[in-house]
Amino acid sequence: MTVRVFAAIALLGALVAAVAMWRPAVPGADVGDADAAWNADVDTRGFVDASAPDRSTLPDADHVIAWSTAAMRPLPRAFEQADDLFAFRQDLQPLADAGDADARWVISRVDEYCASYARDPAGFARDSALIDGLQFDAARALGAARGRIGTRCGRFVPGDAPTFVQLVERRQDAAEAGSLAAEAALLAMGAPLQDDMDYRRGLVERVQASRDPEAFVALSPAMGVAASGDVALADTVAGTQTHALAWQLAACDLGLDCSANGALMTEYCVNGGVCARDARQDFSAFVRDAAVPRQGAEELDRMKKTLVEGAPASRQLLGMVTR
């Protein structure tokens, strides 16, 4: 994929965002609420031993992917596989109310994933129909990704969409219950549980030591440009967008669903307009194809290897890692 094509894909995402901004306000919405722009019954027991996806949905042999749903914990795996996220969320709520950290984290992931749909289902459908009518590869990929969200989130209504503050609060609850992924996400959202240098450094080390793919990908935005100049993160894999990609690729190697239809690829496409032209392309192949120059791929792999294989081995540190 050329730089020109990649830029065109990103431009398409910007145009979609502009279309959304031009739509009339949703009736009943409080347009003065700064948080209003934020964005989400399957038996969860049935997912605990769920098998991996049908191999016909996987990339061909030229694009072998590293992820394996078997490496993910049951609830994050169930999130990736659930067809009806509204029902799935309802089934998780009793577990969350009882204090289950994974349930609280995954509910926040459902909310985040379905945010663009839940804020305005009718507008989402109109925009999707407009995109489906465009006759080029980037539009088809974006339309397919929006179709997945529209199908999986189709029972959500605007009242189900949390504000940014509410989402932060839900992740605080999950982090305090023991979810390392939620704790990492809070740092990425600019609302860490603590804001001192030792805490930030320690959190990054705990995430790396945990080898938890959900925590890796949740932390990744905080390790990009946002970490530039942060003394607490000196000598870590942090500071540029390439560093953020390295954390995401490491998450793929550690078991995150990085397939073409997984949440990571879907959200990249729908929320940023950054979509693969090849519908079968997984995240790792896509990054190497479109996001980094060829001369940068070797350095990106080195960063990823450092994250996956160079985790802190201190027993004291490992004892601090949440499950």
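A salt bridge is taken here as a side-chain nitrogen of Lys or Arg within 4 Å of a carboxyl oxygen of Asp or Glu; the structure, a predicted model, holds 16 salt bridges.

**Exercise 1.** Determine which parts of the chain the salt bridge between Asp84 and Arg155 ties together.

*Solution.* The side chains of Asp84 and Arg155 meet at 2.7 Å, N to O, which is to be held against the cut-off of 4 Å. Asp84 belongs to the loop between helix 2 (74-81) and helix 3 (85-97), while Arg155 belongs to the loop between helix 7 (137-152) and helix 8, so the pair links parts that are 71 residues apart in sequence. Arg155 counts as partly exposed, at 44% relative accessibility.

**Exercise 2.** Classify the packing of helix 8 against helix 9 by its angle.

*Solution.* Helix 8 (residues 164-177) and helix 9 (residues 180-188) pack at about 140°, with their axes 7 Å apart. Since roughly antiparallel requires an angle over 145 degrees and roughly perpendicular one of 65 to 115, helix 8 is oblique to helix 9. The crossing is left-handed, and the residues in contact include Val168 and Arg171 of helix 8 and Ala182 and Leu186 of helix 9. By class, this contact has six nonpolar, one polar and two charged residues.

Conventions. Residues numbered from 1 in each chain as written. Predicted model: local features only at pLDDT ≥ 70, side-chain atom pairs only at ≥ 80, totals over all residues. Heavy atoms only, no water. Axes fitted to C-alpha atoms, helices over the stretch in contact; angles between N-to-C directions. Helix = DSSP H or I, 4+ residues; strand = E, 2+ residues; numbered from the N terminus. Parallel < 35°, antiparallel > 145°, perpendicular 65-115°, else oblique. Left-handed = near helix turned anticlockwise from the far one by under 90°. Contact = heavy atoms within 4.5 Å. Nonpolar A, V, L, I, M, F, W, Y, C, P; charged D, E, K, R; others polar. Buried < 20%, exposed > 50% of the residue type's maximum accessible area, 1.4 Å probe, protein only.
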